[in-house]
Amino acid sequence: MFAWHRIALFGAMFFALLPPTLAATARTTPLTATLTSHNAATWQQSDGWSNGAPFQVGWRTDHIGFAGGLMTLSLDNRPACSSASAACSNQLYAAGEYKSISFIQYGRLTFRAKPAAGSGVITGLFTYTGPSDGQQHDEIDIEFLGKDTTRIQFNYFVAGIGLHEKLVNLGFDASLAFHDYTIEWLPSAINWYVDGALKHSVLAGGGVTLPLSPQHIFMNIWAATGVNAWSGAFTYTGVPFTTQVDQVSYVPATGASSSLDTTGGGCSINNTAEFDPTMLMMLLLSLGYVIKKRRRNYSAPIIKVGCFPSNSIRSA
C-alpha cells in the first residue's frame with residue numbers, strides 16, 4: 001500500500017510538470033432541457049451494453065420514455081432478461097440511461113426529479129468522464145438508494161478514486177414528489193443543494209483534490225448486485241421501477257481571467273503582484289497548470305476559473 005502511494009505521488013508530481021491537456025471541451029452556454037421528447041442533437045440514449053458489476057442491467061433505449069412532459073427511466077426484466085439474454089446485454093434486467101452529448105465543467109447543474117423506491121434500486125443524477133472520452137475518470141454524484149429514499153448520497157471521483165460518500169437526511173421521501181437537486185462545481189469547491197438549500201460542501205486544498213476534467217451529464221436507474229450492505233438486496237416482483245425527470249438545467253460559471261469565487265458573492269481573490277507566490281503556485285498546481293521559475297519569480301499564467309454573480313445559490 002505504501003509503495004502504491006509513492007508511485008501515485010510520483011505520477012502526480014510528473015504530470016504537474018506537464019501542460020494541462022483536456023481531451024474534451026466544455027460547453028460555455030446554458031442548457032435547459034424540459035425532456036418532453038428525445039432531442040438527438042443534445043442527448044444520447046445508452047443502448048446495447050452493460051457496465052458490469054455491480055450493475056446487473058443492460059441499457060436499452062426502450063427503457064427511456066417521454067410522456068406527460070416527463071422523461072421516465074424504467075427498470076424491469078423485459079424483454080426475456082431472466083435468461084440473461086443478449087437482448088439485455090447478458091444481464092438479468094434492463095434499464096434506461098440518458099446522457100448529454102456535450103461536456104460541462106464549472107457551473108451549476110440542476111435536476112428536477114423523482115427517484116425510484118425499492119431495495120437494491122439506484123437512481124443516479126451525475127456527471128462523468130473517463131477513458132472512453134480520452135480522459136481520466138472524474139465524476140460528481142447525486143445518488144438515491146431505493147432502500148431509503150428519505151436520504152440522499154453525494155460523492156465524487158478524481159482519477160478513478162472515490163470513497164467520498166456522504167449520506168444526508170432529506171426530511172422528506174424523495175420518491176413521492178419532484179424536487180430540485182443541484183451540483184455546484186467550482187475549482188475551489190463542490191456544493192450540493194436540495195431545493196436551493198445547501199446540504200454538503202467539499203473544499204479544495206489541504207490534500208483535497210477536486211475533479212477537473214469536463215464531463216457528460218448522466219441520468220440513470222439500475223439494479224445493484226454484490227453490494228447489498230450499501231444498496232440493499234434487489235428483488236424484482238414483476239412491477240417495473242421508474243425514475244422520472246422533469247427538467248435539467250446547466251448554468252456555466254462566468255469566465256474570470258484572474259479571480260476565484262470563494263464567497264458566493266462574486267469573485268474575491270485575484271491574481272495580482274501582492275498575491276503570495278507560494279500560495280499561487282500551490283493553487284495553480286492543484287488545477288493542473290505549469291509553474292515555471294523565472295529569475296526567482298514564479299511566472300503566473302492566466303487563471304481561468306469560475307465565479308457566479310452575486311445572486312448565486314448559497315443557501316446555508
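Biologist: Why does arginine 78 count as partly exposed?

Modeller: Its relative accessibility is 44%. Buried means under 20% relative accessible area, exposed over 50%, and partly exposed in between (1.4 Å probe, protein chains only). The value of 44% falls in between, so arginine 78 is partly exposed.

Biologist: What sort of model is this, and which residues and atoms count?

Modeller: This is a predicted model: local features need pLDDT of at least 70, side-chain atom pairs count only at pLDDT 80 or more, and totals for chains, interfaces and linings use all residues. Residues are numbered from 1 along each chain as its sequence is written, and side-chain values use heavy atoms, leaving out hydrogens and water.

Biologist: Why is the contact of arginine 78 with aspartate 76 called a salt bridge?

Modeller: A salt bridge needs a side-chain nitrogen of Lys or Arg within 4 Å of a carboxyl oxygen of Asp or Glu. Here the closest N and O atoms are 3.4 Å apart. That is within 4 Å, so the pair qualifies. By this rule the count comes to 5 salt bridges.

Biologist: Is aspartate 76 buried or exposed?

Modeller: Aspartate 76 is buried, because its relative accessibility is 4%.

Biologist: What makes aspartate 246 and arginine 112 a salt bridge?

Modeller: Their N to O distance is 3.9 Å. The limit is 4 Å, so they pass. Aspartate 246 sits in strand β17 (residues 241-252) and arginine 112 in strand β8 (residues 107-114), so the pair ties together parts 134 residues apart in sequence. A strand is a DSSP run of E, at least two residues, numbered from the N terminus. Aspartate 246 has a relative accessible area of 25%, so it is partly exposed. Arginine 112 has 30% and is partly exposed.

Biologist: How do you know that aspartate 148 and arginine 151 form a salt bridge?

Modeller: Their side chains meet at 3.4 Å, N to O. Salt bridges that share partners also join Arg112, Asp180 and Asp246 into one network.

Biologist: What makes a space a cavity, and how many are there?

Modeller: On a 1 Å grid over the protein atoms alone, a cavity is a set of points where a 1.4 Å probe fits but cannot get out. The search finds 3 cavities of 30 Å³ or more.

Biologist: Which residues line the second largest cavity?

Modeller: Lining residues have an atom within 4 Å of a point. Among them are Asp148 and Arg151. β10 (138-145) and β11 (151-157) each give two or more residues.

Biologist: Why is strand β14 called largely enclosed?

Modeller: 6 of the 6 residues of β14 (residues 189-194) are buried, so the rest of the structure largely encloses it. In a regular strand the side chains alternate between the two faces of the sheet. Both faces of β14 are covered: Ala189, Asn191 and Tyr193 are buried on one side, and Ile190, Trp192 and Val194 on the other.

Biologist: How do you know that β14 pairs with strands β13 and β15?

Modeller: Two strands pair if DSSP finds at least two bridges between them. β13 (residues 179-185) runs antiparallel to β14 with 5 bridges. β15 (residues 197-203) is antiparallel to β14 over 6 bridges. Both counts reach the cut-off, so both pairings stand.

Note on methods. Helix = DSSP H or I, 4+ residues; strand = E, 2+ residues; numbered from the N terminus. 1 Å grid on protein atoms, 1.4 Å probe; cavity = no way out; pocket = protein on both sides within 12 Å on 5 of 7 lines; lining within 4 Å. Points joined across faces, edges and corners; volume = space filled by probe spheres on them.
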